[in-house]
Amino acid sequence: KVVTKEINKLYSDISFNDHDTATFGTSFTDAEDGNMIVTDWTKNLLNPTLGTTTINGVTCTANSDGTYTLNGTATDKANFILINDSTAATVQMIDGKTFKVTGFKETGNYRLECTAWLPTGGTYVFDSRIWNVPNGAKGLRIDLSVLSGTTVNNLVVKPMLTTDLSATYDDFVP
């Protein structure tokens with residue numbers, strides 16, 4: 001009790017909500033002694049609105065924490081649209097900006113597929129997990145896909161679009 005009381009006394013004045021945040025990936029928190037605590041963080045730019053859906057034998061269940069759980073066997077490619085933003089209203093498309101897409105702990109016959117709309121009206125499909133925005137990109141679409149014949153059992157997907165190029169499945173934030 002005495003130790004807890006002393007610890008609480010030390011930290012009672014600190015507000016963990018009192019911080020200034022830089023644009024990409026670093027926050028600066030004022031400590032009680034006037035020093036700054038620097039913390040790296042990952043920001044998820046993806047805000048999928050897909051609800052629970054079944055396509056071609058695979059059920060994609062929307063969990064309350066922003067993750068999805070996949071179950072079933074794909075009778076054909078099961079394609080779930082997580083974001084379809086043709087106007088770049090949700091994700092700011094900056095020429096040459098580098099993004100990373102994560103979502104799976106392990107590899108398999110499933111993936112997150114990214115498509116950017118180009119000013120010419122065409123599209124550019126990204127097949128890597130780290131990519132640069134092509135010049136003039138007007139929007140972004142991200143699909144969660146399970147290939148035909150693939151069986152998934154309680155596969156948890158943590159979809160994330162971030163500028164933190166070191167982010168992994170375990171760094172997921174809603």
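This is a predicted model: local features need pLDDT of at least 70, side-chain atom pairs count only at pLDDT 80 or more; totals for chains, interfaces and linings use all residues.
Trainee: Why is Leu165 called partly exposed?

Mentor: Buried means under 20% relative accessible area, exposed means over 50%, and partly exposed is in between (1.4 Å probe, protein chains only). Leu165 has a relative accessible area of 37%, so it is called partly exposed.

Trainee: Which residues away from its sequence neighbours does Leu165 contact?

Mentor: Contact means heavy atoms within 4.5 Å. Leaving aside neighbours within four places in sequence, Leu165 is in contact with Thr98, Phe99, Lys100 and Ile130. For Lys100, 65 residues away along the chain, the C-alpha separation from Leu165 is 5.7 Å.

Trainee: What does the side chain of Thr162 reach?

Mentor: The Thr162 side chain reaches the backbone nitrogen of Asp164 at 3.0 Å. A polar contact is a pair of N or O atoms within 3.5 Å; within protein, one must be able to donate a hydrogen and the other to accept it, and residues adjacent in sequence count only if both atoms are side-chain atoms.

Trainee: Are Cys60 and Cys114 buried or exposed?

Mentor: Cys60 has a relative accessible area of 0%, so it is buried. Cys114 comes to 1% relative accessibility, so it also counts as buried.

Trainee: What makes a group of residues a nonpolar core, and how many residues are in the largest one?

Mentor: A nonpolar core is a set of buried Ala, Val, Leu, Ile, Met, Phe, Trp, Tyr and Cys residues joined through side-chain atoms within 4.5 Å. The largest has 29 residues, and Leu70, Ile142 and Leu144 have the most contacts inside it. Elements giving two or more residues to this core include strand E6 (68-73) and strand E12 (139-146). Ile142, with neighbours within four places left aside, is in contact with residues including Leu46, Phe80, Leu112, Cys114 and Leu161.

Trainee: Why is the pair Glu113 and Lys77 called a salt bridge?

Mentor: A salt bridge is a side-chain nitrogen of Lys or Arg within 4 Å of a carboxyl oxygen of Asp or Glu. The side chains of Glu113 and Lys77 meet at 3.2 Å, N to O, so the pair qualifies. Glu113 lies in strand E9 and Lys77 in the loop between E6 and E7, so the pair ties together parts that are 36 residues apart in sequence. Glu113 has 17% relative accessibility, so it counts as buried, whereas Lys77 has a relative accessible area of 34% and is therefore partly exposed.

Trainee: How many salt bridges does the structure hold?

Mentor: Three. One of them joins Asp170 and Lys105, with the closest N and O atoms 3.2 Å apart. That pair links distant parts of the chain, with Asp170 in the segment after E14 and Lys105 in the loop between E8 and E9, 65 residues apart. Asp170 is at 56% relative accessibility, so it counts as exposed; Lys105 has 54% relative accessible area and is therefore exposed.

Trainee: What is the N to O distance between Arg141 and Asp143?

Mentor: The closest N and O atoms of Arg141 and Asp143 are 2.8 Å apart, and the two form a salt bridge. Arg141 is at 22% relative accessibility, so it counts as partly exposed. Asp143 has a relative accessible area of 6%, so it is buried.

Key: Residues are numbered from 1 along each chain as its sequence is written. Side-chain values use heavy atoms; hydrogens and water are left out. Helices (H or I, at least four residues) and strands (E, at least two) are DSSP runs, numbered from the N terminus.
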